[in-house]
Each structure stands twice: as structure tokens, then as C-alpha cells.
Amino acid sequence: LGLKVSTPRSYKLIILGASGLVGSSAFYQASKITCKNSSSPLLHQAAQVLGLDQYPAGHAAGSSHGESRITRLAIGEGMEYVTLAKRSHVIWQEVEKQLSGDFGKLLNIKSDNQTGGLIIGPASEKGEASYHGSAGGFLQQSKMIADINNVKHQLLSNSQLKQTFPQFAFRADDVGYCEDTMGYINPDACIKANLALAKQHGGELRDNEKVLGFSQCADGKIKLTTSKAHVLQEYFTDKLIIAAGPWLNNLVETQNLQVMRQTVYWFRVRPEAREDFMPARFPTFIWNLDSKNIIYGFPLMVNAEAIKISTESYTTVTTPESVDRTVSAEEIACIHDKFIKPYFPAVTSQCVKSQVCLYTVAPKWRFVIDFHPDFDEKIIVASPCSGHGAKHAAAIGEALAQRSLLSKSDIDVIELFKGLELRVIEKESAQLRTRFA
Ligand SMILES: Cc1cc2nc3c(=O)[nH]c(=O)nc-3n(C[C@H](O)[C@H](O)[C@H](O)COP(=O)(O)OP(=O)(O)OC[C@H]3O[C@@H](n4cnc5c(N)ncnc54)[C@H](O)[C@@H]3O)c2cc1C
């Protein structure tokens with residue numbers, strides 16, 4: 001490692017993880033706040049907010065890649081998530097308008113050419129159809145939360161399901177919950193849009209730059225040490241947001257977080273059936289099969305010939321560094337035999353693409369959002385994780401930015417999710433230099 005390249009810069013807020021869904025959302029919102037509060041024109045002032053990431057936007061090493069993430073407003077995982085999802089939808093729609101569609105559609109929910117979303121599960125309220133730690137049946141829980149929160153939805157009987165969605169081979173006891181506000185966001189486009197808006201509002205982005213460690217200085221500022229192209233750099237900041245996704249354990253010692261390997265698949269649809277899998281006819285869906293298995297999937301994207309379908313796996317605990325990023329032929333065959341062949345007669349065994357992605361799983365499938373215990377409310381650690389954080393990322397990013405820069409937030413995410421014990425791995429720059437030299 002070489003010498004430092006320049007005089008250390010100082011910021012009001014640094015966001016670690018700016019190429020992820022959460023970090024990029026916080027980066028945009030923080031840049032907006034500092035831009036609004038600044039008295040001098042942006043051109044004449046140094047950036048007050050810095051977004052850092054070890055990779056550029058669009059990378060596929062973490063948790064936010066792969067063209068689609070399910071969103072919905074009746075959050076069966078728990079009532080406390082509903083405000084976040086609702087606020088996130090508003091933010092994505094505002095972002096779309098601000099950028100005049102330059103990044104395509106970020107939020108895809110029911111419209112003239114979109115079907116909305118469908119949760120499928122057994123009619124009886126059985127805990128065996130639980131999902132992400134929901135109490136009892138996920139479908140019934142979603143319906144209950146929709147009723148309380150006035151989320152527009154419809155229940156479909158088994159025969160209505162078969163009639164409306166012949167693309168699925170439903171089982172005899174399946175029923176459906178349809179929500180107009182269920183659909184998907186495009187995470188890659190959301191991140192790029194966030195970064196574009198952060199830049200417009202004066203935020204400074206430095207990617208391909210890895211944060212090696214952070215520590216508290218005598219004057220109360222936080223010092224970060226980074227490495228870019230093997231050159232060490234230091235930054236100082238009043239506040240820090242750590243949105244490191246599955247890398248969180250490298251920076252903060254958490255007692256309870258496990259990184260789990262997930263795989264996603266794109267299976268070819270028979271050419272004559274493709275029209276039936278287009279968004280106008282085919283819903284974004286979650287299907288609770290039994291106590292251990294769910295499958296979820298999306299309609300065909302524009303010009304695509306294969307639909308993205310996946311399940312969840314809680315068997316392989318791993319790290320971003322050691323995870324096997326290749327999906328094997330055996331895995332593909334197994335997914336096809338177990339989850340595609342029995343349930344989607346018009347989907348073939350040809351897998352045109354597959355990806356590995358990482359869940360960071362917290363106890364009870366909750367999120368980790370809290371102040372770092374050793375930094376006097378100067379650092380917020382934020383991992384809306386456990387496989388269902390994407391749909392809340394926009395609102396969480398806004399709340400993190402507000403809390404860091406304005407000392408309070410419209411939605412108190414820390415009150416909602418605090419309490420997972422965090423412990424620091426403090427790394428002094430001197431030690432780092434030795435270790436990474
Ligand atoms: C297969 C899959 C399907 C999912 N489906 C859904 C869904 O349908 N609906 C839903 O709501 N959620 C879903 N999720 C969950 C959701 O995608 C995640 O909760 C969300 O993407 C987490 O974003 P993040 O910003 O916290 O993490 P990431 O996107 O992983 O971002 C973390 C960032 O931090 C950076 N970073 C880490 N360490 C350092 C360092 N030392 N220095 C610099 N940069 C660093 C990384 O490079 C990365 O860019 C799914 C997740 C997976 C994997």
C-alpha cells in the first residue's frame with residue numbers, strides 16, 4: 001500500500017455502502033437535505049455528504065442485484081413495516097418523476113399493463129405457511145394487515161384462482177390474496193437513480209474504494225480509513241451510516257447475523273405461452289407451498305423469454321468472501337424438478353440465467369437498525385435484511401439521513417428496530433496499515 005494521496009477531507013455525513021439499495025437511498029436523501037439547507041450555491045461549496053462503496057453501482061456481489069424485488073403494502077411480516085413500505089412507494093414514484101423516466105420504471109404495481117401481485121397459500125390459517133417469521137399463515141396475516149391499513153385487495157377462491165391465472169398448477173386447497181399495490185421494484189435502476197439524484201444535490205460519490213476501518217478522534221469526529229487501488233486514504237466525518245449489507249460482520253461485530261447463500265433462476269417459457277406470462281396477465285407472486293418451502297417469481301420482463309423464479313434457502317451460512325458464486329447444474333435441475341415442473345406447465349427446464357445473492361438473516365427475520373453502542377449516536381448501523389428489506393429501503397434511507405443530519409426522523413426506524421446487540425471491531429489505521437500492507 002502506498003502513501004495517502006491527498007489532505008484528508010471532512011464531511012458532515014459519510015455513507016458506507018452507497019452502491020446498495022439502502023446506502024444509495026440514504027445518500028440521495030442526505031444530499032437533498034444538505035442541499036436544501038445550504039446558503040451558498042452548490043457549485044461554490046465542497047460536498048458535505050460522501051457516499052463510499054467498494055464496488056460501483058450495478059455490482060452483483062451483495063444483496064441488491066438481479067432486476068426485481070417484490071414489494072407490497074400489506075406486510076405479512078409485521079404491522080410495523082407498513083408505514084415504511086407505503087412511504088417507500090411514494091418516494092420511488094417521486095424519484096421516477098424527477099428523473100422523467102430516464103432510468104425506466106422503478107416501481108411496478110397494478111396499472112393498465114401490470115397485473116399487481118398475488119400471494120398463494122392454503123385456505124386454512126396454519127402456522128405451517130409462515131414466511132419470514134410471520135405469525136401464523138402468511139396469506140391470512142397479509143389479509144389481516146391489509147384490512148387494518150386499508151390496502152386494496154381481493155381474495156380468490158380455488159376455482160377463481162384457476163380461472164384467473166391458468167399459468168399456475170394450483171393445489172386443491174390453494175387460495176389467493178391479490179393486492180393492487182403488490183408488484184416489484186427494479187433494484188439496479190433504483191440505485192442508479194438514487195446516485196444520479198445524490199449527485200444533482202451535491203453529494204460526492206467515491207466507488208471502488210473499500211472502507212478498512214473507522215475510529216473516534218479526540219475532537220469527536222470519526223476517522224475512516226479506506227483503500228482505493230491499493231492506496232490508503234483517510235476521511236473525517238461528524239456522522240456515519242454503515243449500510244454494508246452482508247459485509248456488516250466485517251465492520252461491526254454482531255452477535256446474531258448470519259449470511260445465507262441464495263440462488264435465483266430464469267427459466268425459459270414456451271414461445272406459444274409467452275403472452276400469458278407478460279405483466280398484463282401474469283402477477284408477481286409468492287407461493288407458500290408448505291412449512292419449509294415458498295417460491296416467488298415475476299412476470300416476463302420486456303423482450304425476455306424467461307421468467308425469474310426462486311425459493312429461499314437457510315442451509316448455507318457463508319460470507320461474501322467465501323461464498324460459492326456459481327450455481328451448479330445439480331442445483332438448477334433440483335429447482336426445476338421440485339418447484340417448476342409441478343407448478344408451471346408452460347415453463348421449460350431450460351435455465352437461461354442464474355445468480356447467487358446473499359441474505360443477511362437476523363433473529364426472527366427482523367432488521368438491524370441501531371446506533372453503534374460505542375459512538376455516542378454518531379454512527380447508525382443499518383441492515384434492513386432477512387430477505388425482505390428492498391421494499392423498505394427508500395423510506396429507511398430517508399429516515400437514516402434525517403436522523404443523522406437533523407437529529408430526528410419522520411419514521412423512527414431506530415425505535416422500530418433497535419436492540420440487536422452490536423459490538424465493534426475497532427481497527428486503528430496503524431494496525432490496518434500493517435495488516436493490509
Ligand atoms: C435473492 C434475493 C431476493 C430478495 N428478494 C426480496 C424481495 O423480493 N423483496 C424485498 O423487499 N427484499 C428482498 N431481498 C432483500 C433485499 O434485496 C435486501 O434486504 C437489500 O437489497 C439489502 O440492501 P443493502 O443496501 O442493505 O445491502 P447491499 O445491497 O449488499 O449493499 C451493501 C453495500 O455495502 C458495500 N460495502 C460493504 N462493505 C464495504 C466496505 N468495507 N467498504 C465499502 N463498501 C462496502 C457493498 O459493496 C454494497 O454495495 C432479497 C434479497 C436477495 C439476496
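The model is predicted. The chain contains ten helices and 22 strands, and 56% of its 437 residues are buried. A ligand is enclosed by a shell of 36 residues, and the protein buries 97% of the 1000 Å² that the ligand exposes when taken alone.

**Overall dimensions**

- A compact globule of 437 residues would have a radius of gyration near 22 Å, and the value for the chain, 22 Å, therefore agrees with that expectation.
- Along the principal axes, the C-alpha atoms of the chain fill a box of roughly 70 × 45 × 40 Å.

**Ligand site**

- Among the 36 residues that surround the ligand, the closest are D53, H59, S64, I70 and C357.
- The side chain of S64 places an N or O atom 2.4 Å from an oxygen atom of the ligand.
- For H59, the distance between a side-chain N or O atom and an oxygen atom of the ligand is 2.7 Å.
- I70 contributes through its backbone, where an N or O atom lies 2.7 Å from an oxygen atom of the ligand.
- Two or more residues of the shell come from each of the elements α1 (21-37), β3, β10 (210-216) and β19 (347-361).
- The element that gives the most to the shell is β19, with three residues.
- By residue class, the shell comprises 19 nonpolar, twelve polar and five charged residues.

**The sheet containing β3**

- Strands β3, β8 and β4 form an open sheet in the order β3-β8-β4, with antiparallel pairing.
- Because β3 (69-71) and β4 (107-108) stand at the edges with a single partner strand each, one side of each is left without a neighbour in the sheet.
- β3 and β8 (residues 183-185) run antiparallel and are joined by three bridges.
- Within this pairing, I70 stands opposite Y184 in β8; I70 is also one of the closest residues to the ligand.

**The β20-β21 pair**

- Strand β20 (residues 368-371) runs antiparallel to β21 (residues 379-383), and four bridges join the two.

Notes. Residues numbered from 1 in each chain as written. Predicted model: local features only at pLDDT ≥ 70, side-chain atom pairs only at ≥ 80, totals over all residues. Heavy atoms only, no water. Pairing = 2+ DSSP bridges. Near = heavy atom within 4 Å. Polar contact = N/O pair within 3.5 Å; in protein donor to acceptor, adjacent residues only side chain to side chain. Areas by Shrake-Rupley, 256 points an atom, 1.4 Å probe, with all protein chains shown as cover. Nonpolar A, V, L, I, M, F, W, Y, C, P; charged D, E, K, R; others polar. Rg over C-alpha atoms; globule rule 2.2 N^0.38 Å. Buried < 20%, exposed > 50% of the residue type's maximum accessible area, 1.4 Å probe, protein only.
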